[in-house]
Amino acid sequence: AASAGMAIANKMAVSALQLPMMLVGIQCGVTLGILIPAYKTIRLGSFNDKMRWLPVSLLFVGMLATSMVAYQLCSLGTVVVIRMVSPLLGLLVEVSFNRAKFVASPHTFGSLGVIMLGVVLYAVFQKGIGAEVLGIVFMIANMFVATGERLAQRYLMAENPVDMSDSGLMLYNNTVCVLAMPLLMMLGHEWKRLDNFAQVTPAGWGFIVWSCLCGACISYTAFRAQRRISATSFLVVVNMNKFVVVAYGIVVLGEAYQPIAGVGTALALLGGAYYSWDRSQLKNRAKATAAVEAGKDEETESLIQKQEATPAKATLIKST
């Protein structure tokens, strides 16, 4: 829910303010403020832990920055559909670096094929998408950065964890982001346009506040999710919220779709649902297999103990 709300709020907030890097900085600053009451739970680990996590924080900054620019330049529908490719990128990387643990089925590749077909249909037939080329470039960059960030994050949280609490990770990531924003604002020539604040309507401020609250929520829940599911599954869970985002774009913003492009959008979203179902089935099957193996191990151990006890009992009878 927070992910869907964040997408809508980001689009509306950046459209109102027209300062994407400033908006990202404000969101990260609000997250830091929300962390103040939870200061007792913050654990930042050793210097080595901080250095190991720094690349993840830099990827986090790049992910937020490219995403916000994409929201500024593209329609919500384009953002949603193009981003549905991100699970495929996550799958390719996860298979390459984590072959021993990643399990796939024919349904896995079938669902990703449906997603890709939908994205291609949308890209080819959607009217006006040519005007969003620069935004699409930022979205593609965002997908690569986000995939790298999620995989690196999961590795340092589940595979080879750093000694940092979830609140500590939030503090570290958002502090690095706040420190980086002045430079990114300079690169985007935003310092010269600070008078944009005077043009923001009350509704615009409402969306800015909403985006800040959603951002803080996602910062925490993302860490919790990464400790429990694979990076590819995490990306799909996030993308499934896009049904709501597409509906908002159509109903509220009046975004129109060409018929075949509309079919492509539906295929991309349904492919995401198909993938989520497949991952759930594989996870349940793996749990069942593990339970059976555990039962076999217990039976084997019990049998060995009985066999060891039998000779000892026979010796005792013989001696008497």
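## Two helices side by side

Helix α3 (residues 47-73) packs against helix α7 (residues 133-159) at an angle of about 155°, and their axes are 8 Å apart. That angle makes α3 roughly antiparallel to α7, a label for angles over 145 degrees, while those under 35 degrees count as roughly parallel, 65 to 115 as roughly perpendicular and the rest as oblique. The axes here are lines fitted to C-alpha atoms over the stretch in contact, with angles running from 0 to 180 degrees between N-to-C directions.

The contact of α3 with α7 has 16 nonpolar, 7 polar and 3 charged residues. In this grouping, Ala, Val, Leu, Ile, Met, Phe, Trp, Tyr, Cys and Pro are nonpolar, Asp, Glu, Lys and Arg are charged, and the others, Gly among them, are polar.

## About the model

You are looking at a predicted model, in which local features need pLDDT of at least 70 and side-chain atom pairs count only at pLDDT 80 or more, whereas totals for chains, interfaces and linings use all residues. Residues are numbered from 1 along each chain as its sequence is written, and side-chain values use heavy atoms, leaving out hydrogens and water.

## The whole chain

The protein chain has 12 helices and 0 strands; these are DSSP runs numbered from the N terminus, with at least four residues (H or I) for a helix and at least two (E) for a strand. Of its 320 residues, 43% count as buried (under 20% relative accessible area with a 1.4 Å probe, protein chains only; exposed is over 50%, and partly exposed lies in between).

Contact means heavy atoms within 4.5 Å. Among contacts between residues at least 6 apart in sequence, 89% join residues at least 24 apart.

Start with S105, in the loop between α5 (86-97) and α6 (106-125). S105 is buried, with a relative accessible area of 11%. Leaving aside neighbours within four places in sequence, S105 is in contact with D278 and L282.

Next comes G29, found in helix α2 (residues 20-35) and partly exposed at 33% relative accessible area. The C-alpha atoms of G29 and C212 are separated by 8.8 Å, although the two residues are 183 residues apart along the chain.

## Aromatic rings

Rings of Phe, Tyr and Trp (its six-membered ring) pair if their centres lie within 6.5 Å; planes under 30 degrees apart are stacked, over 60 edge-to-face and the rest tilted. By this rule there are 2 aromatic pairs. One of them joins F197 and W205, which are stacked at 6.0 Å centre to centre with 25° between the planes. F197 is partly exposed, with a relative accessible area of 23%, and W205 is also partly exposed, at 36%.
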